[in-house]
Amino acid sequence: MADERLVRLLSGDGFAGPRYERFEDELARYGISVMRGWMHSGFVFKLAASRGFNLKPHDLELEQLARDSDLREELAMMTVARALPRFRERALIGEGWKPEGGASITTYFMGACAYEFPNEFRRHRKEEERWRRGTEQEATGEPVPSVQSVAEEVLGNLRVLEDIGGIENPRARAVVALTIDGYTQEEIRQMLDVSSIRAVEAVLHRWRAKAKREEVEGRRE
């Protein structure tokens, strides 16, 4: 009944505005916390398999997820960021969630996250494979980027990743993180279900402008 009243209230705002943003932020925090737990235990793979996504994780992948808190945080954040706009469109605006269905809002949202997780895990696998191939190239003497250029790129990305932690909006964090990973703005638009490339550019522009202001203020100090 509480969920039904909440959805009716949010519907009156057109599922937009400050009240909806607060609701979305709370839902994101909850989703990230639950996803981290599911990955730590490995339960997320059983859940994905029950929905037709048999990712078949090997022991090293399960061990890495159980050990690496940062990896769990990254995958959880990206999964939730992708799930939020689809949940809004399908569950709320499209009235896919119904109070008589037996599932709470949070349970329904976690179901949406379970459908999005396989895409994020495959992306992680792809990045791991890219790193492995780079290591093999170095071992076999094939041309690889200079140590200096790699170091500069890594240090630059680390500074950006530190800044991402200060971005409160989950979708904005995801846009910046995917940009660092080398995805095009069109790919980001599709992955996060953003309305247009211009909307992606706007997020990046606001973040860069904020970072530039903080850099200038830091120099003054």
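I note here that the model is predicted.

Next I looked up burial across the chain. Of the 221 residues in the protein, 34% are buried.

I then listed the secondary structure. The protein has 10 helices and zero strands, and from the N terminus its elements read α-α-α-α-α-α-α-α-α-α.

Among contacts with a separation of 6 or more, 68% are between residues 24 or more positions apart.

I turned to one helix pair, H5 (residues 69-93) and H8 (residues 170-180). Their axes come within 9 Å and cross at roughly 120 degrees. H5 and H8 are therefore oblique to each other, as roughly perpendicular covers 65 to 115 degrees and roughly antiparallel begins over 145. I recorded the crossing of H5 and H8 as left-handed.

I went on to the residues that form this contact. From H5, Met77, Met78, Ala81, Leu84 and Pro85 take part, and they meet Pro170, Arg171, Arg173, Ala174, Ala177 and Leu178 of H8.

Lastly I examined glutamine 64, which lies in helix H4 (residues 59-67). Is glutamine 64 buried or exposed? Its relative accessible area is 18%, and the limit for buried is under 20%, so glutamine 64 counts as buried. Leaving aside residues up to four places away in sequence, I find glutamine 64 touching Leu71, His124 and Glu128.

Key: Residues are numbered from 1 along each chain as its sequence is written. This is a predicted model: local features need pLDDT of at least 70, side-chain atom pairs count only at pLDDT 80 or more; totals for chains, interfaces and linings use all residues. Side-chain values use heavy atoms; hydrogens and water are left out. Axes are lines fitted to C-alpha atoms, for helices over the stretch in contact, and angles run from 0 to 180 degrees between N-to-C directions. Helices (H or I, at least four residues) and strands (E, at least two) are DSSP runs, numbered from the N terminus. Angles under 35 degrees count as roughly parallel, over 145 as roughly antiparallel, 65 to 115 as roughly perpendicular and the rest as oblique. A crossing is left-handed if the near helix is turned anticlockwise from the far one by less than a right angle, and right-handed if clockwise. Contact means heavy atoms within 4.5 Å. Buried means under 20% relative accessible area, exposed over 50%, partly exposed in between (1.4 Å probe, protein chains only).
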